[in-house]
Amino acid sequence: MKCQQCERPATFHITELTGGKPQELHLCEDHARTYLTSSSGGEPTGAGGMAAALAQQVQQMAIGQTAEELARLDQQACPVCGITFYEFRSQGRLGCPHDYVAFQPQLEPLIMNVHGELEHVGKRPHCTPGSSEKRTQLIRMRREMKESVENEKYERATELRDQIRRIETDQAS
Amino acid sequence: MELKELTQSSGEWLRGNGPEADIVISSRVRLARNLAEFPFISRATPQDRVQIERILRESIIASQVSADLLYIAVDELQGVDRQLLVERHLISREHAEGQGRRAVAIDKAEKFSLMINEEDHLRIQVMQSGFNLHSVWEQINAIDNAIERKVTYAFHERLGYLTACPTNVGTGMRVSVMMHLPALVITRQIEKVFRSLQKISLAVRGLFGEGSQAMGDFYQISNQITLGRKEDDLVQQVSDIVPVIIDYERQARQFLIKESQENLHDRVSRAYGILRTAQTISSEETMHLLSSVRMGVNLGLIADLQIADINELFIHTQPAHLQKRTGNELGSVDRNIERARYLRQYLSHEDGAQRAEKN
């Protein structure tokens, strides 16, 4: 892929999350540097945190890793919601709470770049959820049910619907 | 309550009182929360959205956060009504322009709004006139606690509250103040202020949030970091910097008075004159002129106007407010004529006297 601003190959793939809709940029090293230092692409806000973090991360990932390995990381999908890391990079939004676990190795450097910390020290819910396992299970089952309907596997879909209802009524009681 | 009633009044954040209200329009805190058992909005099916909306609606109503709650199905509103809510800062532009089931719960004094199915499942925001972030934080914390008793938020032991965008993870909290900084703009010092704010991880945005231009010399200053600090510390960080900026703005105003009192008085008086006599006027020009008039009132150069009135004019001259008040859909040419008519009427002295009697 060529840089969007010159003929050289694009080595930086930046997802700009600040302002309006996420925007993908493919730039060579020089243009990437110019972009990232020029108060984040003409926004009067100067909120370049996320874009800079993603770019730096791609650079870090590129060191000592082949293109195949990069592609493999991008293709990795969350077992709960099915979103790939590539989809996250292009939309700038995660698919479900479990992504923070599924993409932990990719997300941690990014979070570190944005916040400078990895540990929450603020308030906590008074009643912490008993088992987060059960909750992500619900997300997974609802997705499977939808797919079963789409693939006309109605028996499986009915089974799943009943299981989901059981879990939901358990929680309510 | 009809949405049209909103056009007769102004919300809490425009009251024009509270500490430092000449420069700090309002203080605001918002929290991003998600339900643990649903995907984030980008992966939510239409059925997921319906369920999220139902669960949150029931929880909000059951948690009795306000005796006077207005619940609005945003996806069922006309475009002009959605725009009206954006102009009053009760919903975001993203929420107005979004798709699928979504809603907002507002208390009738417009002190808070709860957006459902925006970028996150729930976005709570509390607003207050003037500079008082600590009080706003206390109020929003109470609302958050009340709703949390009814639902299970997505929460990670180490990372805190989980949000659709990793820039909000941890506290999910954005603390912001809206400031009116015309003298820093005139003296061309505003860029310098922004650069120093960026160095300490604070963001600057325009009147209508992300991506919006700084219309009418209004700037929102907020925290960028949401993880690794306590909520109180985030409130404190913004609270510490605001007096410094207020001081810069006051110094710039004094400089303008000292160096060119006549020029400044002329600028303010001309702005007031145009607003009182124009026959057609755009939204941009209105904001620009109101900004000068607002500073003129604060500096005692205009005696017959109140800050609350000018704050109200900034919002009431926006497109959706004009259209709701006339009851017609208006193209931009007609809006400019209607805006000028409204300004003339509002600012004419007879009307001013009437309002003074009423108060």
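Modeller: A salt bridge here is a side-chain nitrogen of Lys or Arg within 4 Å of a carboxyl oxygen of Asp or Glu. The model is predicted. In chain B, Arg123(B) and Asp120(B) form such a pair, with the closest N and O atoms 2.9 Å apart.

Colleague: Is Arg123(B) buried or exposed?

Modeller: Arg123(B) counts as buried, at 9% relative accessibility. Asp120(B) is buried too, with a relative accessible area of 0%.

Colleague: Which residues are linked with them in a network of salt bridges?

Modeller: The network links Arg93(A), Glu118(B), Glu119(B), Asp120(B) and Arg123(B). One of its pairs is Arg93(A) with Glu119(B), at 3.3 Å from N to O.

Colleague: Where do Arg93(A) and Glu119(B) lie?

Modeller: Arg93(A) is in the loop between α4 and α5 (99-102) of chain A, and Glu119(B) is in the loop between β4 (112-116) and β5 (122-129) of chain B, so the pair joins two chains. Arg93(A) is buried at 13% relative accessible area, and Glu119(B) counts as buried at 11%.

Colleague: How many salt bridges are there between chain B and chain A?

Modeller: Five. Another example is Glu157(B) with Arg124(A), 3.2 Å from N to O. Over all chains the count comes to 27.

Colleague: What about Asp74(A) and Arg89(A)?

Modeller: Their side chains meet in a salt bridge at 2.7 Å, N to O. Asp74(A) sits in helix α3 (residues 67-75) of chain A and Arg89(A) in helix α4 (residues 85-91) of chain A, so the pair ties together parts that are 15 residues apart in sequence. Both residues are buried.

Colleague: Back to the interface. How much area is buried between chain B and chain A?

Modeller: About 4300 Å², of which carbon and sulfur atoms give 57%. In chain B, Arg43(B), Arg158(B) and Pro166(B) lose the most area to chain A, together 16% of what that side buries. The contact takes 51 residues from each of chain B and chain A.

Colleague: And how many residue pairs are in polar contact there?

Modeller: The rule finds 20, with both residues at pLDDT 80 or more. On the chain B side, α4(B) gives the largest share, five residues. By class, that side divides into 19 nonpolar, 18 polar and 14 charged residues.

Colleague: Different topic. Which domains is chain A divided into?

Modeller: Domain 1 (12-115) and domain 2 (131-172). Their contact takes eight residues from domain 1 of chain A and four from domain 2 of chain A.

Key:
Residues are numbered from 1 along each chain as its sequence is written. Chains are lettered from A and ligands numbered from 1 in the order in which they are written. This is a predicted model: local features need pLDDT of at least 70, side-chain atom pairs count only at pLDDT 80 or more; totals for chains, interfaces and linings use all residues. Side-chain values use heavy atoms; hydrogens and water are left out. Domain bounds come from an automatic or database domain assignment. Contact means heavy atoms within 4.5 Å. Buried area is the accessible area (1.4 Å probe) that two parts lose on being put together, summed over both. A polar contact is a pair of N or O atoms within 3.5 Å; within protein, one must be able to donate a hydrogen and the other to accept it, and residues adjacent in sequence count only if both atoms are side-chain atoms. Helices (H or I, at least four residues) and strands (E, at least two) are DSSP runs, numbered from the N terminus. Ala, Val, Leu, Ile, Met, Phe, Trp, Tyr, Cys and Pro count as nonpolar, Asp, Glu, Lys and Arg as charged, and the others, Gly among them, as polar. Buried means under 20% relative accessible area, exposed over 50%, partly exposed in between (1.4 Å probe, protein chains only).
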